[in-house]
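Please keep the sequence and the coordinates at hand while going through them.

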Amino acid sequence: MLALLLRDLRLATRAGGGFGLSLAFFLIVTVLVPFGVGPQSERLAAIAPGILWVGALLACLLSLDRIFALDREDGSLDLLATAPVPLEGVVAVKAVAHWLTTGLPLTLAAPVLGILLSLPAGGYVWLALSLALGTPALSFIGAFGAAVTVGLKRGGLLLSLLVLPLYIPTLIFGAEAARRGTEGLSPATPLLMLAGITLGALALLPFAGAAAIRAGLR
Amino acid sequence: MVGLGKYAATVLGAYAVTILLLAVLVIATLRRGRVMRERLEAQERRMARHG
Amino acid sequence: MSIWEYANPKKFMETSSWALPWVTGLAVVTLLTGLVWGFFFTPDDYRQGSTVKIIYIHVPAAMMAINCWAMMLVTSLIWLVRRHHVSVLAAKAAAPVGMTMTLIALFTGAIWGQPMWGTWWAWDPRLTSFLILFLFYLGYLALWEAVDDPDSAADLTSVLCLVGSVFALLSRYAVLFWNQGLHQGASLSLDSKEHVSDVFAYPLWTSMAGFVLLFLTLVLLRTRTEIRARRLRALEARERMA
């Protein structure tokens, strides 16, 4: 299991692994927003937490189809499915690897991009905290979506259609926590809900993902 | 006809949209049902003939 | 004689072909009674005027949109646990009906909201929840379309339906938390003080029964079509092998 995690991390970080792509996408989306809504800093400050959350979510989505697609193509997914490690564990490890290479860098980059959107001073901590709590859920939900669509033609587009509705609760609580924190209100309730969603996704979705992979390989 | 007052367009519009959507659903259901039935019958006849 | 006998496609086809004319007739009569009663023979509301007549389609459609998903959840579970093909085909057959009901609820709500709230759309919890429900129906149907192998498709869509149900419920509470809305509370709960008065309630009950029967008719019809499509596929495959 640890070997699988290290292998996935190595594959993602080496050249052509798409490691920097999500980050670059996040940066570009953030840069585009002021062109769309205008450069007034008070307007940007009001929407900054929400924009950064939506941007991080979309950047996360971008790298999802890589979770299983490459393993499917070269046949290592079949080997993993018949290996002595449980498939549920494989799905969980893959999701963790995705979070380490996507969710974590996005969380670290978000406060820096917050400067570009004139995020108020009080918001940085809460934005980073809400993303740190929420992005694991995005990775696990995404791993489930990737497991469902692996091996399908035009799987990438379908993946977005399936995963985005599942992201709604995470986005609502995450962006709400960041917004409340930014406006100086107590973000405790949405943060707790966010943590609940993440823990629930961590506990249950590997089973659903493994079931989907078994159905797809049959 | 009942008097719908100033909201006539609203009420009639809502009913019209509903009837339109339901009609599309019912027609699609019936058409696909008929096509499948005919194709299945043709297939079963052909297979009965060729054994 | 147990309920599982209907899981046999042949038995299902026989029983449904016997039941279908009765269910269809009952659906037409009940639906027409409810809608004609509601449309022509009920008074206007003192606040909402004649727009109150929209309730006879809006509420039943919204109810069926949710109940349809619940039915798909149950039949998907039955497929996953007991591997009865009719069950999962019923779920597939029901999805477009549920999606249409969701659309009807959204459209009639928008048309009703325009004069009452002064806007076609508001990000009100109930409206938003239905929009999200619509997205779930869309994803579910798209997944059915995308998978070639019928058994894989059944497995994948069933798993998606289970996971989707959990997240649809989560979205419901998330959306409630996110925004307090314009929409009124439940119109028909038994202990509610905000109960609509009997003049409106009786035709509404009738109309709801009509929508349930209409849903049943359409699902029976569509499930029969899906069973035929599945058999046609099997026969064609056998012919190619020979």
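1. Which residue forms a salt bridge with A:Asp71? The partner is A:Lys94, and the closest N and O atoms of the two residues are 2.1 Å apart. A:Asp71 belongs to helix 4 (residues 66–73) of chain A and A:Lys94 to helix 6 (residues 87–116) of chain A, so the pair ties together parts that are 23 residues apart in sequence. Both A:Asp71 and A:Lys94 are buried. It should be kept in mind throughout that this is a predicted model.

2. Helix 6 of chain A takes part in a further pairing. There the side chain of A:Glu88 meets that of A:Arg214 in a salt bridge, at 3.4 Å from N to O. This pair links distant parts of the chain: A:Glu88 is in helix 6 of chain A, while A:Arg214 is in helix 9 (residues 188–217) of chain A, 126 residues apart. A:Arg214 counts as partly exposed because its relative accessibility is 43%.

3. A:Glu176 and A:Arg180 form a salt bridge through their side chains, at 3.1 Å from N to O. Both residues are in helix 8 (residues 155–182) of chain A, 4 residues apart, which is about one turn of the helix. A:Glu176 and A:Arg180 are both buried. Salt bridges with shared partners join A:Glu176, A:Arg179, A:Arg180 and A:Glu183 into one network. Over all chains, the count of salt bridges comes to 13.

4. How many disulfides does the structure hold over all chains? The count is 0. In chain C, the sulfur of C:Cys68 has its closest cysteine sulfur in C:Cys161, and because the two are 9.3 Å apart, the distance is too far for a bond. The cut-off used for a disulfide is 2.5 Å between the sulfur atoms. C:Cys68 counts as buried because its relative accessibility is 0%. C:Cys161 is likewise buried, with a relative accessible area of 0%.

5. The make-up of chain C may be considered next. Chain C contains 6 helices and 0 strands, and its elements run α-α-α-α-α-α from the N terminus on. Of its 242 residues, 55% count as buried. Among contacts in chain C between residues at least 6 apart in sequence, 76% join residues at least 24 apart. The accessible surface of chain C is about 11,300 Å², and 67% of this belongs to carbon and sulfur atoms.

6. The surface of chain C also carries a nonpolar patch of about 810 Å², made by C:Val28, C:Leu32, C:Val36, C:Trp37, C:Phe40, C:Phe41, C:Tyr202 and C:Trp205. Helix 1 (9–40) and helix 6 (198–241) of chain C each supply at least two residues of the patch. Helix 1 of chain C gives the largest share, 5 residues; C:Leu32 is placed in this helix.

7. Finally, the arrangement of the chains deserves a remark. Which chains have the most contacts between them, among the 2 pairs of chains that touch? They are chains B and C. Chain A and chain B, by contrast, do not touch, and their nearest C-alpha atoms are 23 Å apart.

Technical notes:
Residues are numbered from 1 along each chain as its sequence is written. Chains are lettered from A and ligands numbered from 1 in the order in which they are written. This is a predicted model: local features need pLDDT of at least 70, side-chain atom pairs count only at pLDDT 80 or more; totals for chains, interfaces and linings use all residues. Side-chain values use heavy atoms; hydrogens and water are left out. Contact means heavy atoms within 4.5 Å. Buried means under 20% relative accessible area, exposed over 50%, partly exposed in between (1.4 Å probe, protein chains only). Patches are made of residues with over 30% relative accessible area and no salt bridge: like charges are joined within 9 Å, nonpolar side chains (Val, Leu, Ile, Met, Phe, Trp, Tyr) within 5 Å. Accessible areas come from the Shrake-Rupley method with a 1.4 Å probe; for residues, only the protein chains shown count as cover. A salt bridge is a side-chain nitrogen of Lys or Arg within 4 Å of a carboxyl oxygen of Asp or Glu.
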